[in-house]
Amino acid sequence: MGQPFTDDVVATVRRHMNDDHADDSLLICRSLGGRPDATAAAMTGMDGEGIDFTAFVDGHDVTVRVPFSRPLTERAEVRPEVVRMYREACAALGVPARS
């Protein structure tokens, strides 16, 4: 599909996720990213197909790729998709989601 997002958009989303939603990123990596043993996570990038994280697992950084539920082509689609991921991760892990 390629990269539908500019570097500025990716940097803005990354900064927001890492500054304001680091705990959400960790839940997403633990559940949807298949790394239940992760103790920390940071978003590193994204494209139209998914979002990338570095998770801290057993003393090492591990790359985690979580696909979006469908290809995204516009910036406005990112937030609802990440919220969906967060809620799905909370449900899978039995953690109450914020409203």
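**Walking through the model**

Mentor: Start with Glu81, which sits in helix 3. Helices (H or I, at least four residues) and strands (E, at least two) are DSSP runs, numbered from the N terminus.
Trainee: What sort of model is it, and how are residues numbered?
Mentor: This is a predicted model, where local features need pLDDT of at least 70, side-chain atom pairs count only at pLDDT 80 or more, and totals for chains, interfaces and linings use all residues. Residues are numbered from 1 along each chain as its sequence is written, and side-chain values use heavy atoms, with hydrogens and water left out.
Trainee: Back to Glu81. Buried or exposed?
Mentor: Glu81 counts as buried, because its relative accessibility is 5%. Buried means under 20% relative accessible area, exposed over 50%, partly exposed in between (1.4 Å probe, protein chains only).
Trainee: Which residues does Glu81 touch?
Mentor: Phe68, Ser69 and Leu72, leaving aside residues up to four places away in sequence. Contact means heavy atoms within 4.5 Å.
Trainee: Now the sheet. What is the strand order?
Mentor: The order is 1-2-3, in an open sheet of 3 strands with antiparallel pairing. Two strands pair if DSSP finds at least two bridges between them.
Trainee: Why is one side of strand 1 and of strand 3 left without a neighbour in the sheet?
Mentor: Strand 1 and strand 3 stand at the edges and each has a single partner strand, so one side of each lacks a neighbour in the sheet. From one strand to the next, the twist averages 30°. Axes are lines fitted to C-alpha atoms, for helices over the stretch in contact, and angles run from 0 to 180 degrees between N-to-C directions.
Trainee: How many bridges join strand 2 to strand 3?
Mentor: 8 bridges, and the two strands run antiparallel. Thr54 has Thr63 in strand 3 as its bridge partner. Phe56 stands opposite Asp61, also in strand 3.
Trainee: What about the hairpin there?
Mentor: The hairpin of strand 2 and strand 3 has 2 residues between the strands. Asp58 lies in that loop. Its phi is near 50°, positive in a residue other than glycine. Most residues other than glycine have a negative phi.
Trainee: And is Asp58 buried or exposed?
Mentor: Exposed, because the relative accessibility of Asp58 is 63%.
Trainee: Switch to helix 2. Which residues are buried there?
Mentor: In helix 2 (residues 22-31), they are Asp24, Ser25, Leu26, Leu27, Ile28 and Cys29. The buried residues of helix 2 pack against helix 1 (7-20), strand 1 (38-46), strand 2 (50-57), strand 3 (60-67) and helix 3 (78-93).
Trainee: How many disulfides?
Mentor: The count is 0, with a disulfide being a pair of cysteine sulfur atoms within 2.5 Å. Cys29 is in no disulfide, and its nearest cysteine sulfur, that of Cys90, is 13 Å away. Cys29 counts as buried at 0% relative accessibility. Cys90 is buried as well, with a relative accessible area of 1%.
Trainee: Last one. What lies over the face of Tyr86?
Mentor: Arg98, at 4.6 Å from the ring centre. A charge sits over a ring if NZ of Lys or CZ of Arg is within 6 Å of the ring centre and within 35 degrees of the ring normal.
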